[in-house]
Amino acid sequence: MDDDFQHEFLKAKLRLAGTNFSAVARELGITPASVSLVSQGLRRSRHVQQALAEKLGTTPERIWPDRYKQEGVMQG
C-alpha cells in the first residue's frame, strides 16, 4: 500500500475508533507532527507505531508489513 494512502487510511480508521493523531501524541508526550511523520513513513518509531496499532486493536506488523521484514523486527 502506498504511504500516502496508508496515512489517510490510518487517519480514517483512528477517527472511526474515536481518536486521532493529536490524542495519540498527547498520550505519548510528543507532537502530533511526530505521529504524522511516522504514519507517513518519513520517520520510524516503534513506540509510535505500537501506540497507533493498539488504538486500532492490531499490531504494527499488520499495519506496516513492509517495515517489518522479520517478525516483530523494525527495519530501517
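Predicted model: local features only at pLDDT ≥ 70, side-chain atom pairs only at ≥ 80, totals over all residues.
I'm calling a residue buried under 20% relative accessible area, exposed over 50% and partly exposed in between (1.4 Å probe, protein chains only). Residues are numbered from 1 along each chain as its sequence is written, and side-chain values use heavy atoms, with hydrogens and water left out.

**Salt bridges**

I looked for a side-chain nitrogen of Lys or Arg within 4 Å of a carboxyl oxygen of Asp or Glu. That rule gave me three salt bridges.

Glu8 pairs with Lys11, closest N and O atoms 3.4 Å apart. They sit three residues apart in helix α1 (residues 3–16), so about one helical turn separates them. I find Glu8 partly exposed at 42% and Lys11 partly exposed at 26%.

Lys55 reaches Glu27 at 2.9 Å between the closest N and O atoms. Lys55 is in helix α4 (residues 46–55) and Glu27 in helix α2 (residues 21–28), so this pair ties together parts 28 residues apart in sequence. Glu27 is exposed at 54%; Lys55 is partly exposed at 31%.

Glu61 bridges to Arg46, closest N and O atoms 3.1 Å apart. This one links distant parts of the chain, with Glu61 in helix α5 and Arg46 in helix α4, 15 residues apart. Glu61 counts as buried at 15%, whereas Arg46 is partly exposed at 31%.

**Negative patch**

Asp2, Asp3, Asp4 and Asp66 form a negative surface patch (residues with over 30% relative accessible area and no salt bridge, like charges joined within 9 Å). I place Asp66 in the segment after α5 (60–63); at 44% relative accessibility, Asp66 is partly exposed.

Conventions
Patch = residues over 30% accessible without salt bridge, like charges linked within 9 Å, V, L, I, M, F, W, Y side chains within 5 Å. Areas by Shrake-Rupley, 256 points an atom, 1.4 Å probe, with all protein chains shown as cover. Lys, Arg positive; Asp, Glu negative; His and termini not counted. Charge placed at Lys NZ, Arg CZ, Asp CG, Glu CD. Helix = DSSP H or I, 4+ residues; strand = E, 2+ residues; numbered from the N terminus.
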